[in-house]
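This briefing describes a single protein chain, grouped by topic. The sequence and structure come first, and the notes follow.

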Amino acid sequence: MKLASLKSTGRDGRLVVVSHDLAWCADARHIAPTLQAALDDWTRIEPALRTLADELERETIPRERFH
């Protein structure tokens, strides 16, 4: 599972999950708004992020190009 922060209006950016090939990403703000928020509550949030990463790899969720 790869995570990234994309530039946003906030200081920390918005959280996305990135595909293994680094070509695609999926918005993860519905799970945690920022990477810092995810790290602060990692035990609870990690399973949902891992599920999102699996769905991204299977191409079953909306995604956008990762640059």
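**Surface and overall form**

The chain exposes about 4,400 Å², of which carbon and sulfur atoms supply 50%; accessible areas come from the Shrake-Rupley method with a 1.4 Å probe, and for residues only the protein chains shown count as cover. This is a predicted model, in which local features need pLDDT of at least 70 and side-chain atom pairs count only at pLDDT 80 or more, while totals for chains, interfaces and linings use all residues. Residues are numbered from 1 along each chain as its sequence is written, and side-chain values use heavy atoms, with hydrogens and water left out.

**Dimensions and packing**

- The radius of gyration of the chain is 11 Å, which agrees with the value near 11 Å for a compact globule of 67 residues; this radius is taken over C-alpha atoms, and the globule rule is 2.2 Å times the number of residues to the power 0.38.
- Along its principal axes, the C-alpha trace spans about 25 × 25 × 15 Å.
- Of the 67 residues, 36% are buried (buried means under 20% relative accessible area, exposed over 50%, partly exposed in between, with a 1.4 Å probe and protein chains only).
- Among contacts with a separation of 6 or more, 42% join residues 24 or more positions apart (contact means heavy atoms within 4.5 Å).

**Charges**

- The chain has 10 positive and 11 negative charges, and their mean positions are 4 Å apart.
- Lys and Arg count as positive and Asp and Glu as negative, without His and the chain ends; each charge is placed at NZ of Lys, CZ of Arg, CG of Asp or CD of Glu.

**Secondary structure and sheet**

- Two helices and four strands make up the secondary structure, in the sequence pattern β-β-β-α-α-β; helices (H or I, at least four residues) and strands (E, at least two) are DSSP runs, numbered from the N terminus.
- The four strands form an open antiparallel sheet in the order 1-2-3-4 (two strands pair if DSSP finds at least two bridges between them).
- Strand 1 (2-6) and strand 4 (64-65) stand at the edges with a single partner strand each, so one side of each has no neighbour in the sheet.
- Three bridges join strand 2 (residues 14-18) to strand 3 (residues 24-27) in the antiparallel sense, and V16 has D27 in strand 3 as its bridge partner.

**Loop residues with positive phi**

- L22, in the loop between strand 2 and strand 3, has a positive phi of about 65 degrees although it is not a glycine. L22 is partly exposed, at 46% relative accessible area.
- E59, in the loop between helix 2 (42-57) and strand 4, is not a glycine either, yet has a positive phi of about 60 degrees. E59 is exposed, at 53% relative accessible area.
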